[in-house]
Amino acid sequence: MSLEQAPEVPSVSDLKLTEPVEAEKPVEATGEADSADADKKKKKKNKKKKKLTSIDSLYPDGVFPEGEWQEYPLEINSHRVTSEELRYLDRQQNNKWEDFRKGAEIHRRVRRKAQSSIQPGMAMTDIANIIEDSVRAYAAADHTLKAGIGFPTGLSLNHVAAHYTPNAGDKLSLGKDDIMKVDIGVHVNGRICDSAFTMTFNDTGKYDAIMEAVREATNTGVREAGIDVRLNDIGAAVQEVMESYEMEENGKVLPIKCIKNLNGHNIGDFIIHSGKTVPIVANGDMTKMEEGETFAIETFGSTGNGYVLPEGECSHYALNQNISDLRPPTERALQLLANIQQHFGTLPWCRRYLERTGEDKYLLALNQLVRTGIVEDYPPIADIKGSYTAQFEHTILLHPHKKEVVTRGDDY
Ligand SMILES: [Co+2]
């Protein structure tokens, strides 16, 4: 990895200081850390520098936990679950499924750490670093394209629904009354696990209804999804559940709406949105899901208009897929493009990741790449000010015989 030279990024030994060790798991970050007293004692005997625990060392046989299995919802597919032929077919693709399961296990461990360590008052940059350093440590890859972060960590607050992550110099910190969408991407060989949850810290129960609405809506989308299912039908089912909820604030009843211009999507290798869109409202799309496809099923609820627009400084970017006939307008833009291709390929990235590769004073060239259509920018997207938005998301794998909710955990 060429990430070491980046200035504001904790070095490997810094990471050890911040890597909390959960008692019941063998996720030890051993080494020369000298923060906690208990750690100190343990590490006295252990002078030699040790690597952070990678997910591979926790599963040395290379077999990772399976997700939650669900049978396909349509009657015409009920034969699939017992078909030996289809199971055989499925095993042919086992490497791909294991890549997803490995990413999902990293995801579950990273988010468990996020859930136990994120507190109001923390800087958004620190929150992002906790999550991303943890992904990098578990993935332990020597190149960003082998395994690691699948897309920028979304930490969108309140009326901002998605695509906010701090840029360098960001002064925002998390407030006690904030509702934060934590969207984490982990990839292994380009198989991206895309899964998100929402965090709140207000203990008055204010957010209970919107949290339940979106959690249930996403679980409905996951349940309804399957081979031969029409995308419209998933949207309709999600909408019905979501809009059966309302929340109350200061005696006012706020209906919960689906954010109709946000949606799930199918996932391709190194491509987070690979063509099919899974609506969260009925939209008349008769396109069907197909065997072997992989989808991110995500739903967003809002107390605002149920519609998002770009708002605020952009942090998220990705290379466009068809750029062969496009020319960077300057030498500097060409050089930046080469660096982006080398480190991220078609995976989405943010400005902080670009800086880790050693880039400096790149904004002009970056904007040139955006203007020529070589790079796509994805600014934060928000409902109206004062509204609340929430999100839950899972990645599902449409095996020939059954559906696997690969990112399922005991948290959501
Ligand atoms: Co997604």
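In which strand is Asp183 found? I placed Asp183 in strand β4, which covers residues 179-188. I kept in mind that this is a predicted model.

**Overall look.** I found 11 helices and 18 strands in the chain. Of its 412 residues, 45% count as buried. I also looked at contacts with a separation of 6 or more, and 76% of them join residues 24 or more positions apart.

**Recorded site.** I turned to UniProt, where an unreviewed entry lists Asp183, Asp194 and Glu393 under "binding site". These residues span 211 residues in sequence, yet no two of their C-alpha atoms are more than 8.2 Å apart, so they gather at one spot.

**Asp183.** I checked burial next: Asp183 is buried, with 25 other C-beta atoms within 10 Å. Setting aside neighbours within four places in sequence, I noted its contacts, among them Thr153, Ala196, Gln391 and Glu393.

**Asp194.** I found Asp194 in strand β5, residues 191-200. Asp194 is buried because 27 other C-beta atoms lie within 10 Å, and the cut-off is 20 or more. Beyond four places in sequence, Asp194 touches residues including Gly185, Ile267, Ala296 and Glu393.

**Gly264.** I then moved to Gly264, which sits in strand β9, residues 264-266. Gly264 counts as buried, with 29 C-beta neighbours inside 10 Å. Leaving out residues up to four places away, I listed its contacts as Gly221, Val278, Phe295, Ala296, Ile297 and Glu298. I also noted that Gly264 and Thr299 are 35 residues apart in sequence and 7.1 Å apart in space, C-alpha to C-alpha.

Key. Residues numbered from 1 in each chain as written. Predicted model: local features only at pLDDT ≥ 70, side-chain atom pairs only at ≥ 80, totals over all residues. Helix = DSSP H or I, 4+ residues; strand = E, 2+ residues; numbered from the N terminus. Buried ≥ 20, exposed ≤ 12 C-beta atoms within 10 Å, placed from the backbone. Contact = placed C-beta atoms within 7 Å. UniProt positions renumbered as here; feature names shortened; annotations may be inferred.
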